[in-house]
Amino acid sequence: MRPLRFALAQGLLLNEALAALRAIGVDVSGVTPGGRRLVVDGGDIELVLARPSDIATYVERGAADLAIVGKDVLLESGARVMELVDLGFGACRFVVAAPPGALERSLDEYRHLGTLEVATKYPNVAERHFRARDIAVEIVKVAGSAEVAPLVGLADWIVDLVATGNTLRANGLAVVEEIASSTARLVANPAAYHLRRREIAPVVERLAAWAAAR
Amino acid sequence: MNQQSPIGPPRGFRDILPTEARELGVIEQTLAETFADSGFTPLHPPLLEYGAADSAKRRRMQFLDSDGSLVALRPDLTTSVARLVGGRYGDMTGVLRLSYVAPVFREEPAMSGGSREILQAGVELVGGEGALADAEILALLVESLERCGLPVCESTVQVGNIRLVRGLFAGIPEAARVEVVDALRQGEIAGALSRTREAGMPLDELERASRALTGGAGGIDGAEAAELCRVIELARERWPGRLERWGVPNPALVPALPYYTGIVFEAIHPDAGVIASGGRYDLLIGAFGTPRPAIGFAIDVLQLHRALFADAWRPRSQRPLLLLRASADERATMRCAAALRAGGMAVALGDVAERAGRAVIEAEVIDERRVKLADGRVAEARALGAEIDS
């Protein structure tokens, strides 16, 4: 059997994920953030670097057994993986945001036109949220910088992921509503989790202890 | 717009070509025989069932029938069998042993590589109760996999119990417990544990639940563990004196399907993932008629094939096919083929381009009683079958 394969999200979470793994004794010296080698031998564990949004796919399809990935990615992808430990770092929130003065206007528009336009990079999260609230919306998917959409008239509201809220404020937007909060999670492929419990359990236990001690 | 009609089938569906179809045929036949040897009778529920507007069941492939009713391609067979038993066998109190080999359909997001057509082979034991019925079905799953040629090692079969999982969270209010078990069905162990903490579960109990769900082997203790082990040990008695052990108690096994009420189990292969799953569902039939205890499993035949293929399995060899080159005398050719068939040969007139992995021998018609083989030897048509067998 191949060694346990551990996928790590490149980007904001990478440094803290590496610190967590280092703290539980995984050899991560071969990983260089921003480097070109994407598959790294870490002793008993093979480390794979991938884009955050691909991590869920890797784990769901069993290409990786374990991963550290943000809950935000899991919520958007809907991937069927097992969430084992809430690691606590990388905190951020999905929010609905709009220009402060525009709220009354857009509600008026909603009464007239029966629908609102919502720009977002996270169409699944946005759609699920508004469906649950029984608000009719048109989702406009953008690949980046949703916060510009209300300024240029692309959409009335946005759904975006915020950590500090600075970007929203800089673009004259205010949080209307919080949808969900997110932190980094240790996830596993369900089949691998059951089949390779003996190898995975110590990783889970140590990371849970590490997260609890923080 | 592309005016040409597409060559491939819709996403999530695929053509199964002759080589694979032949291998699948061998597996299906082996499974059907194994089920029949334990007294299970095949039945055929319909491809379509009524759909539901329920958005939580979004994995159904649903559409509108011509009369406007919402119909769904059946997403699993256990529910169809439960409906059939509840409706048709409402008055019968005896035990039913039913089996099926049939496709089911589940919606998958686009571009996820997921298959929307799944071929299932399974059994449902309706009216069977207690550890003996649990053990019989668990052992039948192992027997089915082994007879197909899959080596079953210790960790291949994982056994859990939904009652045991509920028991771990007995200390918290009912509403919170439902949420916790729902979270576990989605695989959210971290979420379930934090919900439990919020619901005010004492630390030592929380510790115990956490150990059971995320700890290594031996993460559970006490009566529940003993109950799980007892069923596994009882099932192992299907092969008295067998040395290799199989079956691992695993309290973290909580299948996504909501209808299980007791023992649950999965067969897992390192390359193919989950190849079979099953369990006890004592409340499902009650939704369609008189409640009956029931237990069953379904094998994902395509995943089983994938697992066998990864283990370098090939189907048991059939007798080779004789490709008979015709002579100018067509009547003699037909008669020669008849003589070969009478002698037990499988004969195709002319050539077969797609041989699907089947061995062939070639021969040429000499007259209505004799053929010339590829190596130049002349053989009696009627005797060739016996000659090849020996």
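This is a predicted model: local features need pLDDT of at least 70, side-chain atom pairs count only at pLDDT 80 or more; totals for chains, interfaces and linings use all residues.
User: What makes β14(B) and β15(B) a pair of strands?

Analyst: Two strands pair if DSSP finds at least two bridges between them. Three bridges join β14 (360–365) to β15 (370–373) of chain B, so the pair passes the cut-off. The two run antiparallel. In β15(B), K372(B) is the bridge partner of E364(B). Helices (H or I, at least four residues) and strands (E, at least two) are DSSP runs, numbered from the N terminus.

User: In which sense do β14(B) and β12(B) pair, and over how many bridges?

Analyst: Parallel, over five bridges; β12 covers residues 321–325 of chain B. L324(B) stands opposite A363(B) in β14(B). In general, strands of a sheet pair through backbone hydrogen bonds, either parallel or antiparallel.

User: Why are β2(B) and β3(B) said to stand at the edges of their sheet?

Analyst: The open sheet has three strands in the order β2-β4-β3 (chain B), with antiparallel pairing. β2 (48–50) and β3 (61–64) of chain B each have a single partner strand, so one side of each is left without a neighbour in the sheet. Neighbouring strands here are turned by 40 degrees against each other on average, direction ignored. For such angles, axes are lines fitted to C-alpha atoms, for helices over the stretch in contact, and angles run from 0 to 180 degrees between N-to-C directions.

User: How do you know that β3(B) and β4(B) pair?

Analyst: Count the bridges. Four join β3(B) to β4 (70–73) of chain B, and the strands run antiparallel. L64(B) stands opposite L70(B) in β4(B).

User: Why does V69(A) count as buried?

Analyst: A residue is buried if 20 or more other C-beta atoms lie within 10 Å of its own, exposed if 12 or fewer, and partly exposed in between; C-beta atoms are placed from the backbone. V69(A) has 30 C-beta neighbours inside 10 Å, so V69(A) counts as buried. V69(A) lies in β4 (66–70) of chain A. Its C-alpha is 5.5 Å from that of R185(A), although 116 residues separate the two along the chain.

User: Which residues does V69(A) touch, leaving out those up to four places away in sequence?

Analyst: Among them are A9(A), P52(A), L74(A), R185(A) and V187(A). Residues are in contact if their C-beta atoms, placed from the backbone, lie within 7 Å.

User: What makes β7(B) mostly covered?

Analyst: Five of the five residues of β7 (157–161) of chain B are buried. V157(B), V159(B) and N161(B) cover one side, and Q158(B) and G160(B) the other.

User: Which strands pair with β7(B), and in what sense?

Analyst: β9(B) pairs with β7(B) over five bridges in the antiparallel sense. There, G160(B) has V264(B) as bridge partner. β8 (248–249) of chain B pairs with β7(B) in the parallel sense, over two bridges. In β8(B), V248(B) is the bridge partner of Q158(B).

User: How many residues bring chain B into contact with chain A?

Analyst: 20 residues of chain B touch 22 residues of chain A. The largest share on the chain B side, four residues, comes from α6(B). By class, that side has seven nonpolar, 11 polar and two charged residues. Ala, Val, Leu, Ile, Met, Phe, Trp, Tyr, Cys and Pro count as nonpolar, Asp, Glu, Lys and Arg as charged, and the others, Gly among them, as polar.

User: How do you know that the span of α4(A) is close to the expected value?

Analyst: The expected span is 1.5 Å times one less than the number of residues. α4 (102–113) of chain A has 12 residues and reaches 15 Å from first C-alpha to last, close to the expected 16 Å. G114(A) follows, with a positive phi near 80 degrees.

Note on methods:
Residues are numbered from 1 along each chain as its sequence is written. Chains are lettered from A and ligands numbered from 1 in the order in which they are written. Two residues are in contact if their C-beta atoms, placed from the backbone, lie within 7 Å.
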